[in-house]
Amino acid sequence: MFNPADKSRNVSLKVDTFTRMLTDIYTDLRKKEKERGASMSTVRGRVKKSFFRSGLICGEAFGKELVEEIWKGGEDISTQEKLDKWCKFDSDVGFGNFSSNDIKIDSKKHVTSGKIILKNNFLASRRKHNVPHLCDFMVGYVNGVLKKVLDANVVVTHKAKDCIQGKPDKKKECDFYFRRVE
Ligand SMILES: [Zn+2]
């Protein structure tokens with residue numbers, strides 16, 4: 001199937017199939033790290049890092065394509081519009097519902113910080129607390145896209161309290177806080 005928005009070939013998978021694949025990779029990485037004798041916290045940190053890195057690579061590639069190919073440089077589009085367009089694009093492909101909030105802009109019109117909200121995040125929604133948390137992939141993805149869209153280095157944080165996983169009645173969205181770094 002083709003996505004008419006960017007004319008790229010897409011594949012449609014059930015969310016359960018995709019999260020099962022990632023969960024299996026997560027479990028396997030954790031097992032290998034444990035076999036090497038790493039402590040639990042080291043194991044967790046390394047797996048988180050791997051997920052973050054793979055999300056970052058995907059986010060940077062997509063962000064680059066958005067800016068260079070879809071927006072043709074994007075010089076005539078305001079930063080808020082760019083964020084809105086990206087959020088709409090990725091909401092339309094089933095990640096959940098993306099939006100941005102609390103965007104702070106300095107006197108040079110640079111975005112300095114803000115929040116990306118993902119309602120019904122497909123990586124965390126309906127997942128129990130005691131199964132692997134896959135959101136580090138999304139942290140990396142958001143980081144990678146923002147890096148290209150804002151043309152700046154950013155740090156993204158997503159703490160346990162900001163995550164929907166394991167609390168379906170209390171929380172409806174994953175919140176990703178970001179800030180620009182030099
Ligand atoms: Zn989350």
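**Notebook: the helices and the sheet**

I started with what covers the buried residues of H2: the cover includes helix H1 (15–35), H3 and H4. Contact here has C-beta atoms, placed from the backbone, within 7 Å; helices (H or I, at least four residues) and strands (E, at least two) are DSSP runs, numbered from the N terminus.

Before going on, I noted that this is a predicted model, where local features need pLDDT of at least 70, side-chain atom pairs count only at pLDDT 80 or more, and totals for chains, interfaces and linings use all residues. Residues are numbered from 1 along each chain as its sequence is written.

Which residues of H2 are buried? I found Val-47, Phe-51, Phe-52 and Gly-55 among them. Buried is 20 or more other C-beta atoms within 10 Å of the residue's own, exposed is 12 or fewer, and partly exposed is in between.

After H2 I came to Lys-72, with a positive phi near 50°.

Next I looked up the sheet. It is open, with four strands in the order S3-S4-S6-S5 and antiparallel pairing; to pair, two strands need at least two DSSP bridges between them. Strands S3 (97–105) and S5 (153–157) are at the edges with a single partner strand each, so one side of each has no neighbour in the sheet.

I then checked S4 (residues 111–119) against S6 (residues 173–181): they pair in the antiparallel sense over seven bridges. Lys-115 stands opposite Tyr-177 in S6.

Methods:
Two residues are in contact if their C-beta atoms, placed from the backbone, lie within 7 Å.
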